[in-house]
Amino acid sequence: MDFSLNEEQQLLKDSVDRFIRENYDLADRRKLVASADGFSRDHWRVMAELGWLGAALPEDYGGIGGGPVETMVIMEGFGRGLVVEPYFASVVLGGNLILMGAVDGLKSALLPKLADGSLQLAFAFAERQSRYDLFDVETGAAKTGGAYRLNGQKGVVLDGATADTIIVSARTAGGRRDKAGLTLFAVDGAAKGVSRRRYRTIDGLRAAEITFENVEVPADAVIGAVDGAMPLIDDVARRAIAALSAEAVGIMDRMQSLTNEYLKTRQQFGRPLGKFQALQHRMVDILIACEESRSAALVATLRLDDGNASQRDKAVAAAKVKIGQSGRFIGQSAIQLHGGMGMTDEMHISHYFKRLSMIDTLFGDHAYHLKRYPAL
Amino acid sequence: MDLRFSEEDRAFQEKARAFIEENLPADIRAKVRGGLRLYKDDYVRWHRILAKQGWLVPEWPVVHGGTDWTPVQRYIFLEEQARAYAPRLVAFGIKMVGPVIYTFGSQRQKDHYLPRILSAEDFWCQGYSEPGSGSDLASLQTKAVHKGDHYIVNGTKTWTTMAQYADKMFCLCRTNTDAKFQEGISFLLIDMKQPGVEVKPIRTMDGSQEINTVYLTDVRVPVEDRVGEENEGWTYAKFLLSHERSGIARIGASKAQLDKLREIARREPCGDGCLLDDEDFRREIAQVEIDLHTLEYTELRALTAAAKGEPPGPEANVLKIRGTEVQQKISELLMRAMGYYALPYLPEAMEYGYNEDPVGPETAAPLAAYYFNMRKTSIYGGTNEIQRNIIAKMVLGL
């Protein structure tokens, strides 16, 4: 049993940490959040050059041949830095959908561009009525000769406005809540009939509502099996959760150290706040929650390709539960321990809190996964 | 022992409900119900409607504009307002400086300031906290130097709610640097519209700017605008803490938010039905409903005891701690109820009169911001940690 990073992974971690240190203080981040696209295309280029966008892609497709552990390392670093570039949406969601599900031709066409930063992807799956059920899909794809016609609306598509290609889950058969009958399509964002309403999200990142009105999609844009996309969607959702868990661990770690530092320096009643036992105990509880979250997140990543499906699914659900609960506890506690300062936009701590709140919601909150866990 | 409201109180409740229903402007109600942004004009309008009826300051002595209502009736009136989505009036004039002035102020101060509080001609803010003095308020450093018939005030106040709207600020200042902290503080009434007063907004994590930092540079305060004795200011500040604390648990507002939560859960799709069909979510709502119910009766026990003249116990601190925890829990459930649609951040959709199509359900826009904003409740008014210290020391003798 070994939980340590190998040499290359350690170098990757150091490289991400250095990038954050040099480019991502709070003032830098604010500028990116306020910019037109919501992220820096220069940073995106650098991330491509450093091999991060292709870190989990095979060398044949322009990647460096890593896997979920590399993704985990990058996501944790991005959590620490509160990175806003569309890595999660494009690489973890879009990239995995293509890598795990597309035919060779499509893989060869898209993955190298993903790795070199010239192609940005998004995954449009949530709908108004679906809540957290990925199979609850009303957006329809009707077969018309050698193509499909897409109609429907997708909600809160992460980084959906800047994506070149949007991967859409649509129904080609069955009822709204049938697990069978779903198909994934790689849709050109500029195609006729695609309209996007862009907005910021609570964490400073970007999303979009995307409407598809009679959008023509060629048959070779199908990813995976027609009517049979659910296993692929589930697989990518697991990878998404593992990645988000890693990001959350990076955030929690930083919140813990920022708060600890604050308690050592802020004085009231003639001494540092950290001298008050009630607050010391709270800090310890935060530390414990960080450690637990790290363990849960690590196992989720390590079990992604586990042959035992139940063990794999439980590890992933457990991680989402743990980081959701711990995230709320650490987030709320850290704000409280910062007193009035914790409420301000000026301090770093509230920005971490908001991203953690976002993460709890993505791909099902802690209550959702706790509910489904016994049946896994 | 009797749980029922008296005949009298029930009649009072009906009268209160009818008045509010007839007189609360529809747009204000819509803003409060929708969690949309409120502005000075909204508060002032409701303030003046209540003042015209003579129901603005029920807890004040009748001679100064109060009513003869019992503590339970005052509680009922606050609750009826909250459940009808009336805005909660800002406390600084009517609950804080007003009582300090009629209790400790000079005749001139009473004659001059009290009517202006009632008419809302003066909008007040509170100059207490400083960057270096939060929980340890007594350590405050804003100095007021006595020079002839004026004080010259220099310092910085922070977390000043609505200072951007304020005409006046009641301000704790240090008038004696040689004494123990608590023994060198005076209570000054400061005109915000004069040179030397600079108000800088503080943006909070929910995106709003309801609090400010106020920089005071050589601000002149006439000595006749000092309330009570020099260096006795801490006494008056402490008076406020034990004075009229009804409504501190925000029971009415939490009930209104819980109603809103149930309605949202009834409309939010979940599985084959709605979120309210989800057993786990229903259980979470039940828990908070039970917590609110127990809090309500804790407050009523305290009120009825006070009405009998029994000395106050730790109720105010208990109610502050639990009231804020319940408020926060409800805000969390509201955000969680929305699922993905809690995530878009559209500040323009938090304004009354927003005409575009909502992103997701109409109620979604302010909910995450509300969750973030409510984190302040366990911090302000004496942090919940300080409240626990007070109970431990004063009640438990630890």
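Two residues are said to be in contact here if their C-beta atoms, placed from the backbone, lie within 7 Å. With that in hand, let's walk through this predicted model, starting with the domains of chain A.

**Domains of chain A**

Chain A splits into domain 1 (7–119), domain 2 (122–228) and domain 3 (231–375). Between domain 1 and domain 2 of chain A, 16 residues of domain 1 are in contact with 14 residues of domain 2. On the domain 1 side of this contact, helix α5 (residues 87–101) of chain A is the top contributor, giving eight residues. Sorted by class, that side of domain 1 of chain A holds 11 nonpolar, four polar and one charged residues. Taken over C-alpha atoms, the centres of these two domains of chain A are 23 Å apart.

**Where the chains meet**

Moving on to the two chains, 32 residues of chain A are in contact with 31 residues of chain B. On the chain B side, β9 (269–270), β11 (344–345) and α11 (367–373) each supply at least two residues. The class make-up of that side of chain B is 15 nonpolar, eight polar and eight charged residues. Strand pairing also crosses from chain to chain: strand β6 (residues 194–201) of chain A runs antiparallel to β11(B), and two bridges join them. One bridge partner pair to look for is A:Arg200 with B:Tyr345 in β11(B).

**Strand pairs**

Within chain B, strand β5 (residues 185–191) is mostly covered, with six of its seven residues buried. Its pairings are set out below, next to the pairing between chains.

| Strand pair | Sense | Bridges |
|---|---|---|
| β6(A) and β11(B) | antiparallel | two bridges |
| β4(B) and β5(B) | antiparallel | seven bridges |
| β5(B) and β8(B) | antiparallel | two bridges |

To find these on screen, note that B:Met169 has B:Ile190 of β5(B) as its bridge partner, while B:Phe187 is partnered by B:Val227 in β8(B).

**Nonpolar cores**

The largest nonpolar core has 160 residues, and the members that touch the most others are A:Leu150, A:Ile167, A:Phe185 and A:Ala319. Helix α7 (residues 230–265) of chain A gives the most to this core, with 17 residues. There is also a second, separate core of 63 residues, which includes B:Ile76, B:Val90, B:Ile117 and B:Ala166.

Leaving aside residues up to four places away in sequence, A:Leu150 touches residues including A:Thr139, A:Val168, A:Phe185, A:Phe212 and A:Val217.

Terms used: Residues numbered from 1 in each chain as written. Chains lettered and ligands numbered in written order. Predicted model: local features only at pLDDT ≥ 70, side-chain atom pairs only at ≥ 80, totals over all residues. Core = buried A, V, L, I, M, F, W, Y, C linked by C-beta atoms within 7 Å. Buried ≥ 20, exposed ≤ 12 C-beta atoms within 10 Å, placed from the backbone. Helix = DSSP H or I, 4+ residues; strand = E, 2+ residues; numbered from the N terminus. Domains from an automatic or database assignment. Nonpolar A, V, L, I, M, F, W, Y, C, P; charged D, E, K, R; others polar. Pairing = 2+ DSSP bridges.
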